Amino acid sequence: MIDMNAIVGTHDLLMITLDTLRYDAAVLEEANCPNLCGSGSWEKRHTPGSFTYAAHHAFFGGFLPTPATTDKSQHVRLFHSRNTGMKTHPDTWLFDTPDVVSGLAAEGYRTVCIGGVIFFSKKVPLARVLPGYFQHSYWRMTFGVTNPRSTEHQVNHALKLLKDTPLDQRLFMFLNVSAIHGPSHFFVPGARKDSVDTQRAALRYVDGELGRLFDAFRERGNPVFCLAFSDHGEAFGEEGYHGHRLAHETVWNVPYREFFL
């Protein structure tokens, strides 16, 4: 049980969405992901949205993926908007703003977004909505889905931002990892289409790059609470379904982890 009231204000916060990662692919690759899974296993959860734009609106509103169980006592929300009329738990941190990002900013956090997929690109008005939640947001072509070294570039940028952030400044960093989102076939030599195997290969690559980011947060010296999860999965032909933004278990079931660095 995590008491977020004891974490907000005392810890740096790192939220990572592994865009489009399926739950089964994540579980199959646990042993090869020492940075994401070195301290535990993936939890199976249900996403609140079947594609990036919808899911992230929910996340920033405080609606993270829900435990895949009928036992409601197993779901204690980390964040919740105050005075909505919904029942809350004493360990849930309540914010008075429209979203958790501005709520953390009101508590003195520097809020930073490092985008990945197109909805964070800021190229068109629609793609400015999600990064617009943050005080500082960044996107480059090299962060996007077509670059096979995208996570390397995202982490390099994050390291620069960490270096420029005073130690006494609480930080909320959000990273939307694009590498697992299609196309992921270039992570498997000779592969011509995306699959569970190409997602697994992409996840191994991502885990290696995230290790550098985790080490940098540790070296910063402040306690860090980390959330890592997928925003939605991807169908690869199961029952005739392909892609996401559809109601299939390969899309709704996502891996979720919360841990301290």
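Across the whole structure, a search finds 11 salt bridges (a side-chain nitrogen of Lys or Arg within 4 Å of a carboxyl oxygen of Asp or Glu). The model is predicted: local features need pLDDT of at least 70, side-chain atom pairs count only at pLDDT 80 or more, and totals for chains, interfaces and linings use all residues. Residues are numbered from 1 along each chain as its sequence is written, and side-chain values use heavy atoms, with hydrogens and water left out.

Start with Arg 220 and Asp 12. They form a salt bridge, with the closest N and O atoms 2.8 Å apart. Arg 220 sits in helix α6 and Asp 12 in strand β1 (residues 12-18), so this pair ties together parts 208 residues apart in sequence. Helices (H or I, at least four residues) and strands (E, at least two) are DSSP runs, numbered from the N terminus. Both partners are buried; buried means under 20% relative accessible area, exposed over 50%, and partly exposed in between (1.4 Å probe, protein chains only). Arg 170 joins Asp 12 and Arg 220 in a network of salt bridges.

Helix α6 also holds Arg 200. Its side chain meets that of Glu 29 in a salt bridge (2.6 Å, N to O). Glu 29 lies in the loop between α1 (23-28) and α2 (34-37), so the pair ties together parts 171 residues apart in sequence. Glu 29 counts as buried, at 0% relative accessibility.

Arg 218 pairs with Asp 215, the closest N and O atoms being 3.0 Å apart. The two are three residues apart, about one turn of the helix. An α-helix has 3.6 residues a turn, so residues three or four places apart point the same way. Arg 218 is partly exposed at 43%, and Asp 215 is partly exposed at 38%.

Now the helix itself. α6 has 25 residues and reaches 36 Å from first C-alpha to last, close to the 36 Å expected (1.5 Å times one less than its number of residues). After α6 comes Gly 221, with a positive phi near 95 degrees.

Gly 182 and Pro 183 are joined by a cis peptide bond, with omega about 0 degrees. Pro 183 lies in the loop between β8 (171-177) and α6 (196-220). Glu 239 is not a glycine, yet has a positive phi of about 55 degrees. Glu 239 is exposed, at 69% relative accessibility.
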